[in-house]
Structure formats: structure tokens, C-alpha cells
Number of protein chains: 2
Amino acid sequence: VLVFLNGRFVPAARAVVPVNDRGFLYGDGLFETMRVCGGRPFRLAQHLERLMHGADFLKIRCPFSPDRLGKYAGQLIQKNKMLEAVLRVTLTRGPGERGYTLPEKSRPTIVMALHPVPPAAGRTQWRLITSSYRVPAADPLSSFKTMNKLTHVLARREAVEQGADEALLVNTDGEVVEAAGGNLFWVADGKIRTVPTACGALPGITRAAVLDICRTLGLPTGRCAIKPGALRKAKGIFITQSVLGIVPVTVLDGRPVGPSPLPDRIRRAYDEMLAKTPTRR
Amino acid sequence: VLVFLNGRFVPAARAVVPVNDRGFLYGDGLFETMRVCGGRPFRLAQHLERLMHGADFLKIRCPFSPDRLGKYAGQLIQKNKMLEAVLRVTLTRGPGERGYTLPEKSRPTIVMALHPVPPAAGRTQWRLITSSYRVPAADPLSSFKTMNKLTHVLARREAVEQGADEALLVNTDGEVVEAAGGNLFWVADGKIRTVPTACGALPGITRAAVLDICRTLGLPTGRCAIKPGALRKAKGIFITQSVLGIVPVTVLDGRPVGPSPLPDRIRRAYDEMLAKTPTRR
């Protein structure tokens, strides 16, 4: 397997970064994860736009333009003959001295690697728990997919330890924010609802795709904050994420989630959209 | 320069980790930074104890005992002939698949590297700002020095951009927690005060040393939460950290800090303690 590392394609065994890369020292970097379908990364432009937006905020200068990165991603897929895969793009501030102060000059690190589509992609429904871990409310970093993901890792572990598939994170104001690995949707008063990014939800690429789909299907949508107690009474809960797409939730905190035909309808529309992704030649 | 990497001493140029190390992917790891004085890491046992405590919490099995790590640290210092230095110890969950779910088996990564003592070690006083970044209140991760330090990096950048030396972080309950790179102390009602760890302050090794010193000198101490407005009225503010020791603060948010003889007295006692560290033979 070849990995794209700073402009070159190297065998996975040589895909390494120095121990003083600030991504390794402090999580000083960003990443994107997307589904590759028929040889083409789904919604690549949107993923790279979010990456670049985060890089602007962190003041990390990506060594390649989004166009150039897209070309390299295509080459990576062809070289590895992995037409169905998960693509992870990682951008860090690169090697630097220890200490939080930013280095005067930096040579950012960029990595693109392909991974197999997880078997969980066949799983059609999830059991959720509400995590005991809290994320800060009104955190400017919540708009970006940073490499600081220990809370998400621990929330996922908490879910697995309780026999569930995924955990919901709540912010320090007591509002539900998102799942460890995806955005949250539910059905209430005939509307498809999701958490506003102002609560700390990542502006997910699949989340945006679902809002597009609802517009196309004429389904009314709304963004509103919700507390765990209210969510437990909601119907048609589902999670959106780039790797698995739309995942309906059947159980939340041990109780069955009220059914709704809408998540399945949206999932079918999403899977069609994914299948229609033009194949890369 | 040699770096200790997973049981071997390797030249810095070969001190690398795979791009799928979970420390690099998600900040899934911990670190410690300590001052090496006369060839000996100051309060090494306490640093390694905190590291192991964090490793227990994260369920990362450190491949070496604290005793063994201490011996390797001594060899690293001797081999590099760096008797005055900063030692960073990093422990991560090691290589793993992408995705937040913990790998079933892991082979943790351990790194020890020596760095020069920063020239800032000669700086005897700091100007502080209160950062606009917030850390979560009551976060169980705040007890450990995790590799998720982007908020600290950005707070430090905010301070530097405003012409200050360091930033104070406030939690989502509005309480001052700590400096980006150290614990906070101040003088009020004749007592040396610091923030309780319950507010989200790291249980700092130098913080503990200062509390020991105060006990020895017969200076009364107290732990109490403080808001930014109250802190601006406090006297004798100082920051404690492992690299620089005790750093008095002269300016907070543009206003001069009321003087007190106590920080200098504590600093002298701390510097003596540091100088008395037995030299490694």
C-alpha cells in the first residue's frame, strides 16, 4: 500500500513523521475522512474546503492547493487500485521545537492514506448512549476537524463498554452536540431537525448533504438545540457521517427510539447520490 | 543527538513514528516535560507517576516501568552529554487503525527526547493576558497531561499576538484555570493561593513543589476558584512550570500586578531545591 506524504508516494512502512512533528507533540493539525466510491472521493471539494478553512484559522499553510490535492488523491487511489475505500487527509503544522509557542517558520506535513471500508458499513442501525464526557460550549475549534480527539475516543470507548455502538457528546451547557463520530438528526413536529453548529456541532459534510436532500425531497428542516431528556422522547433519530453515510438509531440510553419512515427515506436518497458519484477514469 | 524510541537510542533523524500512530491521528497519548539539572531530571518520580496515572485512565500500557524509564532517561542524558536540558517523555497508544474505536491490541509508543533549556529561562517576569479560549469545566481529562493541546497552543498565540508572554485559560464556568504552560498562584489575605484541580487545573509537579515549600517556610496556603475580575485585583501573581520554575507576573491584561515579596521568596527556595538535586554520576 502506498501513502501520499509531503508530495511523494511512499510504501506504508516508510510513511512516518518525525517525533517533533507538532501534530504528534500537541495535536496541532487537522484531518478529513471521506468515502471513496467507484474510485472517487465523495464530496472531496467540500472536505478540502473545510480543511482549508481550518488551516486558515490555525494559520497552517497547506503546501498544495485543493485542486492539486484532488489530483494526488486520484493518483493514490489508482496506484493502490482501491476504488472502494476510506481516504484520510491529515495536515499538521509540521516539525517544530517543543513548547506551545508557534515556530517562526514551519513546513507543514500533509498525509493522504487509504483505508478499507469498515465492515460496520454493513451495519444498518445503532444503539447510542449519552456520554459522561463534556465538550466545551461555544468553542471556536468545534467548527474544524482538529487532531484533538481524545474526548471522542473516550466517549466511543464508554459506548463500547456499555454494549452500545456510539456515544452522544453533551456540551458544558447541557445540550446534546453530536455523536463521537457523526452529526445528530431527529424528527419532531414533522420536521427533520439537527443541532446548530453554534452548540459545538461539527459542520459535517454528510450533515450538509442531508439538508440538501431534505430540500430536494421537500422535507422541512430545522436547527435547534436539544437536551438529553428531550432527545430521549424524539422519533426517527439518525447519525450522519462520511464513512457510513446515514445510520438510523434504534436504541438511546437503553430505551427504544420511536420509529419514523423519514430516516430510511433520506438514507435511500443519500445512497443513490453516493452511487451516482461519477467514476474517475 | 540521540532520541530514546521504544527501547532503543536512535539518531534524531531516525526518531520517527508511523502516520497511523494514534498519538498522531487523534492525540491519543500523554506527555511529561521536565527540567534536567546537573544531569538529573528534577522530580522525575512525580512526573512519571502522573504519566502512569494518566496511562491507567486511558488504558495505555506503558512498555517500561517507571524505574526502567528513569534508567533510560539517565542513559539518554549521558549519551547526549546534555546535563542541562529539558526532557520530554511521550507515551501514546501506538499504531492503530483509523477510527475512534480502540484497537483490540495495541503496542504503545514511548519517546524520550532532550531539548535545550529555552533562553526564556533567563526571563524573570511575565506579562499575561486572559485568553478568549475556554476549557471545559469538570473535565476528567484535565487531571492528565494529554497530547490534546491545541487550545493551549492557540491561547499562547493569542498572548504573543497581543505582545504578552503567556495566556490564562478560563473554564466554561468562568473560572480562571491555569496558564497555557503552567499553574497559577496569587497572594490574597496573607495566603498563597492556587486554583483547585477541581476547576480543571493540571495537578502540576512544580505546583506541588511550591505547596511543599510554603509548608516548609510556614507560609499559609489555600486553594480557591477565582474569576478573572477578582484575579485582576490580586497581588503577587506567579506562574509555576517545570521548565522555567517560578515566574512572577508583572502585568495582567495590561494592568500592573500589585507587588508582594512572597513570589521572590518562593522562587529563591525553589531554585535552591533545584540546585540541590543530586548530580547523576
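Two strands are said to pair if DSSP finds at least two bridges between them, and helices (H or I, at least four residues) and strands (E, at least two) are themselves DSSP runs, numbered from the N terminus. The exercises below concern a predicted model, in which local features need pLDDT of at least 70, side-chain atom pairs count only at pLDDT 80 or more, and totals for chains, interfaces and linings use all residues. Residues are numbered from 1 along each chain as its sequence is written, chains are lettered from A and ligands numbered from 1 in the order in which they are written, and side-chain values use heavy atoms, with hydrogens and water left out.

**Exercise 1. Work out which strands stand at the edges of the open sheet of 6 strands in chain A.**

Step 1: The order of the strands in this sheet is β2-β1-β7-β6-β4-β5, with antiparallel pairing.

Step 2: β2 (8-11) and β5 (40-41) of chain A each have a single partner strand and therefore stand at the edges, so that one side of each is left without a neighbour in the sheet.

Step 3: Within the sheet, β1(A) (residues 2-5) and β7(A) (residues 109-115) are joined by 2 bridges, and F4(A) in this pairing has M112(A) as its bridge partner.

**Exercise 2. Find how helices α5 and α7 of chain B are oriented towards each other.**

Step 1: Axes are lines fitted to C-alpha atoms, for helices over the stretch in contact, and angles run from 0 to 180 degrees between N-to-C directions. The axes of α5(B) (residues 205-217) and α7(B) (residues 262-275) are 10 Å apart, and the helices pack at an angle of about 110 degrees.

Step 2: Angles under 35 degrees count as roughly parallel, over 145 as roughly antiparallel, 65 to 115 as roughly perpendicular and the rest as oblique. The two helices α5(B) and α7(B) are therefore roughly perpendicular to each other.

Step 3: Contact means heavy atoms within 4.5 Å, and the residues that meet include I213(B) and L217(B) in α5(B), and Y270(B) and M273(B) in α7(B).

**Exercise 3. Determine how chains A and B are related.**

Step 1: A rotation of 180 degrees, with 0.0 Å of shift along its axis, superposes chain B on chain A (RMSD 0.0 Å), where copies are superposed by least squares on the C-alpha atoms of residues with pLDDT of at least 70 in both.

Step 2: The two copies are thus related as by a two-fold rotation axis.

Step 3: Since 100% of the interface residues of chain B are also interface residues in chain A, the copies meet through the same surface.
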